[in-house]
Amino acid sequence: MDFEQLYGEAEGRAAAAESSRALYEVKTDYLGRTGKVTALLKGMRDLLAEERPAFGKRINDLRARLEAMFASFEETARERELAKKLQSEAIDVTMPARRHAKGALHPITRTRQELIDIFAGMGFEVFEGPEIETDYYNFTALNTPADHPARDMQDTFYITDEFLLRTQTSAGQIRLMEQKKPPIKMLSPGRVFRSDDDATHSPMFHQMEGLVVDKGITLCDLKGMLDEFARTMFAETAKTRLRPSYFPFTEPSVEVDVSCSACGGKGCSLCKGTGWIEVLGAGMVNRRVLENCGVDPDEYTGFAFGMGIERIAMLKYGIGHIRLFTENDVRFLRQFKD
Ligand code: PHE
């Protein structure tokens, strides 16, 4: 057997192998368990004892040369394949990215969030009551018994005699005071329902209720917080004014106006020439309401306020019709992107 010829043939085949895999097959053909070199070793059995050592050495030399030769081809094949892989997986970082269209928060969600941020900064905690309420929480406990004329102030959707869709988040005042003893600083956002429908009223809208109960709370505390709210929500120069009003659950009760941010208080079409815009109802918590919740009105006083979130958003963003909030017209909604 001509070893040189065998080596030459192996080298030729290795050089022609196009991949690591093909190269491995060639290698196995020579150095594998049933390969050509192994066959040579087996052939030693037929030799005379004295011929064996020299022959064995030649085979070992041949094997070593073959191994080195294959190793070097393997190295080149690996490098070639790595280069190919890197090239095919290359990323062009200068290519413009594919844009994902991003949504925006609904103006009501956004306004609600802004209100929570303002009052959370003053130490208020958020409490959410149920949308289906009992007559007791929505009216009776709020000092509005069944025959009370103030029930006519709100057109109520009744489900049964006992259950109704809440007409005001004020119901949450009772639920919270039943659970928690003063000091209380609560903010209660949520949907409310009234049988009402025109440019500024819709049968479903959102309110933000506020309740503070502690020792020594006065109307001045309410006024101070409302001023802070108006400055943060509308304009640094915004002012508030209180007008006497009536709610069964507050005494005294007030209607709160904010100076018109469109004209700065001079009078314009938005404020109908008055310079003021009504934004919410408020007052000192009625003694009867505190009593109904087991809070001693001689020890504690409090104030409450309730505002329509749609109304605040309409004033802040100059929105003319309340229906725009529920029509889901993207041309409207898109304008609230940051
Ligand atoms: N609940 C009243 C309404 O819906 C608003 C209000 C809340 C007034 C709290 C006074 C105190 O009109």
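Is Asn143 buried or exposed? Asn143 is buried, with a relative accessible area of 14%, which falls under the 20% cut-off for that label. Please keep in mind as you read that this is a predicted model.

**The ligand and its surroundings**

- The ligand has 15 residues around it, and the closest of these are Gln168, Ser170, Arg194, Gln207 and Gly306.
- By class, the shell around the ligand holds eight polar residues, five nonpolar and two charged.
- Three strands each supply at least two residues of this shell: strand 5 (204-214), strand 8 (276-285) and strand 9 (301-308).
- Strand 9 gives the most, with three residues in the shell.
- If you are looking for the ligand among the pockets of the model, the space it takes is the largest pocket.

**Polar atoms facing the ligand**

- Arg194 has an N or O atom in its side chain that is 2.7 Å from an oxygen atom of the ligand.

- You will find Asn143 in the loop between helix 6 and strand 3.
- Asn143 is not a glycine, yet its phi is positive, at about 60°.
- A polar atom of the Asn143 side chain lies 2.9 Å from the backbone oxygen of Pro248.
- The Asn143 side chain also makes a polar contact with the side chain of Arg288, at 3.4 Å.

- His148 is located in the loop between helix 6 (135-138) and strand 3 (163-165).
- With 18% relative accessibility, His148 counts as buried because the cut-off is under 20%.
- The side chains of His148 and Tyr246 make a polar contact at 3.4 Å.

**Another positive phi: Asn328**

- Asn328 is a residue other than glycine with a positive phi, near 60°.
- Its place is the loop between helix 11 (324-327) and helix 12 (330-333).
- Asn328 is exposed, since its relative accessible area of 52% is over the 50% cut-off.

- Met225 belongs to helix 8 (residues 219-233).
- A relative accessible area of 15% makes Met225 a buried residue.
- Between Met225 and Met122 there are 103 residues of separation in sequence, while their C-alpha atoms are 8.3 Å apart in space.
- Met186 sits in strand 4.
- Met186 is buried, and its relative accessible area is 1%.
- Met186 and Gln173 are 13 residues apart in sequence, with 8.1 Å from C-alpha to C-alpha.

**Cis peptide bonds**

- Pro182 and Pro183 are joined by a cis peptide bond, with omega near 5°.
- Pro183 lies in the loop between helix 7 (171-179) and strand 4 (184-193).
- The peptide bond from Glu251 to Pro252 is cis as well, and its omega is about -5°.
- Pro252 is part of strand 7 (residues 250-259).

Conventions:
Residues numbered from 1 in each chain as written. Predicted model: local features only at pLDDT ≥ 70, side-chain atom pairs only at ≥ 80, totals over all residues. Heavy atoms only, no water. Near = heavy atom within 4 Å. Polar contact = N/O pair within 3.5 Å; in protein donor to acceptor, adjacent residues only side chain to side chain. 1 Å grid on protein atoms, 1.4 Å probe; cavity = no way out; pocket = protein on both sides within 12 Å on 5 of 7 lines; lining within 4 Å. Sits in = over half its atoms within 2 Å of the grid points. Helix = DSSP H or I, 4+ residues; strand = E, 2+ residues; numbered from the N terminus. Nonpolar A, V, L, I, M, F, W, Y, C, P; charged D, E, K, R; others polar. Buried < 20%, exposed > 50% of the residue type's maximum accessible area, 1.4 Å probe, protein only.
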